[in-house]
Structures are given as C-alpha cells and as structure tokens.
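Good morning, and thank you for the time.

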Amino acid sequence: MTLIYQPKAERKLSKAPSIDPTSLVLSSHAGEWTSIGSHNKIIESSFGDYTYTMDDVTVNYTEIGKFCSIASHVCINPVQHPMDRVTQHHMTYRKIMYNFAESDDDAFFDWRRTHKVKISHDVWIGHGAIIMKDVRIGTGAVIASGAVVTKDVEPYTIVAGVPAKTIKRRFSSETAERLLSIAWWDWPREKLEQHFDELNDVESFIEKHE
C-alpha cells in the first residue's frame with residue numbers, strides 16, 4: 001500500500017501565546033508570538049517573545065529569553081530530590097498525596113525555586129538535551145542534541161556531550177560582541193519587519209546596525 005503525505009496548512013501565530021491543549025502550564029508567563037508545543041509540562045517559568053517549544057518538553061523554574069528554539073524532548077531544570085533526608089522519595093514533601101499530613105513541605109518547594117535556570121536570547125536547544133539547575137546560557141548559544149549541560153554556556157558558543165563541553169564558537173569574539181551590542185532581539189515588531197530580509201547576512205547586518 002502506498003502512503004501519501006498531505007501536510008497540514010501552515011499554522012499562523014499571533015501576539016497572543018499559542019499553547020497546545022495537551023500541555024500543562026502552571027504559574028508561568030509567555031510573551032508575544034510564543035508557541036508551546038504538545039504534551040509540554042511548564043512550571044513557574046517565563047518565555048520571551050517569539051520563543052517556541054516542540055513536543056514533550058519539560059521546563060521548571062526557568063527564565064527564557066526571546067527568539068529561543070527548543071526542540072522536542074528537552075528537559076530544562078529537572079527538579080531535585082532531598083538527598084540529605086533518610087529517603088529521597090517525594091512523600092516527605094508531597095505529604096497530602098500520601099495522606100501523611102494536611103499540608104505539603106512548602107519550604108522544600110521554596111528551595112527548589114531558588115535554583116533557577118536562566119537562558120538568554122536566540123538560543124537553540126537540540127532534541128533531548130537536558131539543562132541542569134543553576135545553569136546560565138548566553139545569547140546565541142547552541143546546545144547540541146542529547147547534551148547534558150551542568151555549567152554555564154558563553155554567548156554564541158556551541159556545546160555538546162555528557163557533560164556538555166564547548167565544541168566551537170559560532171562567530172569570533174569580536175562578531176559576538178558586536179551582535180550583543182546591537183541587541184536586535186529587543187527591536188519592536190515594526191523595526192524587525194523593516195529589516196527582516198537583512199537577518200541572513202551577519203557581516204552586512206552588523207555594518208548597517210552597529
């Protein structure tokens with residue numbers, strides 16, 4: 001039997017965030033032109049304008065900048081268990097669930113919140129990557145598929161592996177600094193539309209806007 005693929009009509013986004021109905025989003029914020037894919041779990045996190053996630057993404061206690069691209073099966077800030085207690089099982093802080101108490105361990109959840117991940121702008125996170133707690137990822141960085149990031153990532157660098165290590169820089173240090181100075185991600189929509197066709201040529205873009 002021959003299978004014929006018929007693509008769906010291209011979905012159009014708008015200023016209002018697009019959140020797939022299969023996703024769970026709790027106490028979080030999404031900016032304009034953002035898109036949350038299917039079967040995501042987003043807890044107490046924020047997404048800057050134009051950032052999107054694909055399917056099966058988990059994000060906890062994270063601040064994400066603008067224009068970030070997050071592939072499927074990415075996990076950002078997997079939550080920690082209490083290794084200093086007799087048991088690491090979550091019954092000691094999710095007490096209500098197991099009928100051990102009428103309230104949960106709020107102090108433990110507050111502790112989790114202090115270990116945020118912060119991701120700057122225009123970051124690409126590849127399929128299945130994991131970003132551990134307290135990590136800072138600089139603007140323009142690339143996290144390779146399957147990487148486990150345990151340390152901060154400098155702007156415009158590419159990291160890969162377990163644990164993730166720097167593979168190379170996307171641009172020279174000078175070019176990276178010039179792009180950071182321009183900060184095109186903060187442009188209003190009108191200016192972005194005006195200069196949209198210039199985004200494919202780094203050198204001419206910098207010369208024109210620096």
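In what follows, Ala, Val, Leu, Ile, Met, Phe, Trp, Tyr, Cys and Pro count as nonpolar, Asp, Glu, Lys and Arg as charged, and the others, Gly among them, as polar. This is a predicted model, in which local features need pLDDT of at least 70 and side-chain atom pairs count only at pLDDT 80 or more, while totals for chains, interfaces and linings use all residues. Residues are numbered from 1 along each chain as its sequence is written, and side-chain values use heavy atoms, without hydrogens and water.

I begin with the largest pocket. A pocket is an open set of points on a 1 Å grid over the protein atoms alone, where a 1.4 Å probe fits, with protein on both sides within 12 Å along at least five of seven lines; its lining residues have an atom within 4 Å of a point. The lining here comprises 34 residues, and nearest the centre lie Tyr50, Tyr52, Phe67, Cys68 and Ser69. By type, the lining has 17 nonpolar, seven polar and 10 charged residues.

The second largest pocket is lined by 13 residues, with Lys41, Ile43, Asn60, Arg94 and Arg112 closest to its centre. Six of the lining residues are nonpolar, two polar and five charged.

I turn now to the cores. A nonpolar core is a set of buried Ala, Val, Leu, Ile, Met, Phe, Trp, Tyr and Cys residues joined through side-chain atoms within 4.5 Å; buried means under 20% relative accessible area with a 1.4 Å probe, protein chains only. The largest has 24 residues, of which Ile76, Ile119, Ile125, Ile137 and Ile143 touch the most other members. A second, separate core of 14 residues includes Trp33, Tyr50, Phe67 and Ala183.

Note on methods
Buried means under 20% relative accessible area, exposed over 50%, partly exposed in between (1.4 Å probe, protein chains only).
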